[in-house]
Amino acid sequence: MMPGPRRPCHRLGGARTQAAPRPRRLESRHHPAAVRPMNDFASLARRDLRSVWHPCTQMKDHEWLPMIPIVRGQGVWLVDADGRRYLDAVSSWWVNLFGHCNPRISGAVSAQAARLEHVMLAGFTHEPAIELAERLVALAPPGLSRCFYADNGSSAIEVALKMSFHYWRNAGRTRKRRFLTLTNSYHGETLGALAVGHVELYREIYHPLLMDVLSVPSPDCYLREDGEDWESHSARMFEPMEQALARHAEELCAVIVEPLVQCAGGMRMYHPVYLAKLREACDRHGVHLIADEIAVGFGRTGTLFACEQAGITPDFLCLSKGLTGGYLPLSVVLTRETVYEAFYDEYATLRAFLHSHSYTGNPLACSAALATLDIFAGDDVIERNRALAAHLGRRCAELGELDHVAEVRQQGMIVAVELARDGDRRQPYDWRERRGLRVYRHGLGHEALLRPIGNVVYFMPPYVITPAEIDGLVATARDGIRAATCD
Ligand SMILES: *Cc1c(COP(=O)(O)O)cnc(C)c1O
C-alpha cells in the first residue's frame, strides 16, 4: 500500500493560486488557532509541494508519487507523519553511519551548541576544528598532513581542483590547467565539480558552461569481458590512462577518481590494482592525484579509506558525507606538506589560497565528526563491519538468481544489484521504463527506503543495521525486483 497525499498534487497546486492572500504575520498573532499550520501527513505533503523545490527531482513526478514527510528518526528507521516506518537502506544518500538520532553524536552536538555554535575560521580557530584535523591526519594514508575545511562535498572538490591548479602556478608551471577524469564518474553538482564528473544525465545540459576536461574509459568491472576477472580487467583498462598521461602530462594539473566505487554512476566497482598503477603513473608524469572519497570514505568499502586497499596516498583526499556521521554538512581536503608549502610566502607574492566558505569548519559539524570518530575507535567498527558485510553479501547473492538480475556486486558495506532485460550484462533496460522506481515504490509499501540509481538497486545501510534487518530488507528487495521486472 502506498502512503501519500489523498488528492492529486496538481489540484492542490491549482487551489493555491485561487486562495485568498495569507494573513500577515502581525494579524496572525491575534488569531493563532485560525492560521496554525496543519502537520498531519497530507497537510505536510501539501504544504511542501506549494513551497519546496526538491533536489534531483522532476517535481511533476509528485503528481502521482507521494511526498513523504518524515517526523522522526531512530537508528536505521525513519518514521513518517502517519507513523509508518522505513528502513533507511541508503543511509539518506550515503551520509548516515551510526543511525539516526545517535545518542552519542546528538549529545556531542548539543553540548557544542551550548558552548559555541560558530565562528569564522579566518583569524580564529576552535578546539573541535583543531582536534578533528589532528585526528584525520593521524587516520589518513601517510603523507597527508594538512586539512582545509569546506562545507559540502562539491565544495571540497572545487577546493582540490583550485589548489592543484594554483600549486602548479605557484611552481611556475603555468601550462598546467586541465584535469583528467574517468567516464561514469561523479564529483558533485557545482560547475567545477560537474565538469570533472561524467554522468551525462547530470552534465549534458550544462555542457556549454563547463571547463574542458579530458576523460578516459572507466575500469568499471561491469563492462569486463566474459571470463575476465576484476583484477585483469581493471589492469587492462589502465592502458588508456597511461596513454593520456603520457600525451597530456605537460598540460595536466591532476587526475581525479572515486576510489574503488563510482557511486552515483550506478555503484560501478573496480579493483585496487588500478589505483596502484595510477599512483605510480601520476608520480612518473608529474601530475597530482585527487581521491574523491566523499562517498566511499569512513568504512564504506571495508577499510576506513578506500585508498588503503591499494596502499596509496593521493595528493588530495576529499572527504564529506559520512564525516559527520550524517548529521551536518562539512567537508575537508587533506593534502601534503609540499602543497601547503607552495602557498606559504609573504602576502604580497599573492601565493595564498584565498578560498573560503561562510561555514568553513563549523564547530557543530566538527563536534559531530569527532563523536563519529570516537565511535569508530571505541566500537571497533571496521572489524565489526566485516561480519555484517559478509552477511549482507551472502543474502544478496541469492538475488543473483532472479531472472532479470545481471549482476550482484559488493565492496564492503556497499552491495549493488544491476537489473537488465534478460539478466544479461549487454541487455540493459531502457532508462525510460524506470524499473528502479518500481522497486522504490514497492519498498515504501514494505518499510524500506530503497532508492535505486536507474536500474541499479543497492544497499548502503547505516553500520548499526542488524543481520535480521538485513534479511528483511533483502526479502523486500527480492519481491520488489520480481514485481518490477515481471513484464
Ligand atoms: C555526493 C558526492 C559528491 C558531492 O557531495 P555534495 O555534498 O552532495 O556536494 C562528490 N563526490 C562524490 C563521490 C559523491 O558521492
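The side chains of Arg426 and Asp226 form a salt bridge, with 3.3 Å from N to O. A salt bridge here is a side-chain nitrogen of Lys or Arg within 4 Å of a carboxyl oxygen of Asp or Glu. This is a predicted model, in which local features need pLDDT of at least 70, side-chain atom pairs count only at pLDDT 80 or more, and totals for chains, interfaces and linings use all residues. Residues are numbered from 1 along each chain as its sequence is written, and side-chain values use heavy atoms, with hydrogens and water left out.

**The domains.** The protein chain splits into domain 1 (30–101 + 381–487) and domain 2 (106–379). These bounds come from an automatic or database domain assignment. The two centres, taken over C-alpha atoms, are 27 Å apart.

**The interface.** Domain 1 puts 33 residues in contact with 35 residues of domain 2. Contact means heavy atoms within 4.5 Å. The size of an interface is often given as the accessible area lost when the parts come together. Between domain 1 and domain 2, about 2,900 Å² is buried, and carbon and sulfur atoms give 58% of that area. Trp94, Gln411 and Arg425 supply 24% of the area that domain 1 buries against domain 2, more than any other three residues. Buried area is the accessible area (1.4 Å probe) that two parts lose on being put together, summed over both.

Four salt bridges cross the interface of domain 1 and domain 2. Between the two domains, 19 residue pairs are in polar contact, both residues at pLDDT 80 or more. Several elements each supply at least two residues of the side of domain 1 that touches domain 2, among them α16 (381–397) and β13 (405–411). Helices (H or I, at least four residues) and strands (E, at least two) are DSSP runs, numbered from the N terminus.

A polar contact is a pair of N or O atoms within 3.5 Å; within protein, one must be able to donate a hydrogen and the other to accept it, and residues adjacent in sequence count only if both atoms are side-chain atoms.

| Residue | Protein atom | Distance to a ligand oxygen atom |
|---|---|---|
| Asn152 | side-chain N or O | 3.4 Å |
| Gly153 | backbone N or O | 2.8 Å |
| Ser154 | polar side-chain atom | 2.6 Å |

**Asn184.** Asn184 sits in the loop between β5 (178–182) and α9 (191–196). Its side chain makes a polar contact of 3.1 Å with the side chain of Gln262. The Asn184 side chain also reaches the backbone oxygen of Gly265 at 3.0 Å. Beyond neighbours within four places in sequence, the contacts of Asn184 include His198, Val199, Glu258 and Arg268. Asp220 is 36 residues from Asn184 in sequence and 8.6 Å away in space, C-alpha to C-alpha.

**Salt bridges overall.** The whole structure holds 38 salt bridges. One of them joins the side chains of Asp61 and Arg434 at 2.7 Å, N to O. This pair links distant parts of the chain, 373 residues apart. Asp61 lies in the loop between α4 (41–51) and β1 (70–74), and Arg434 in the loop between β14 and α17 (435–444).
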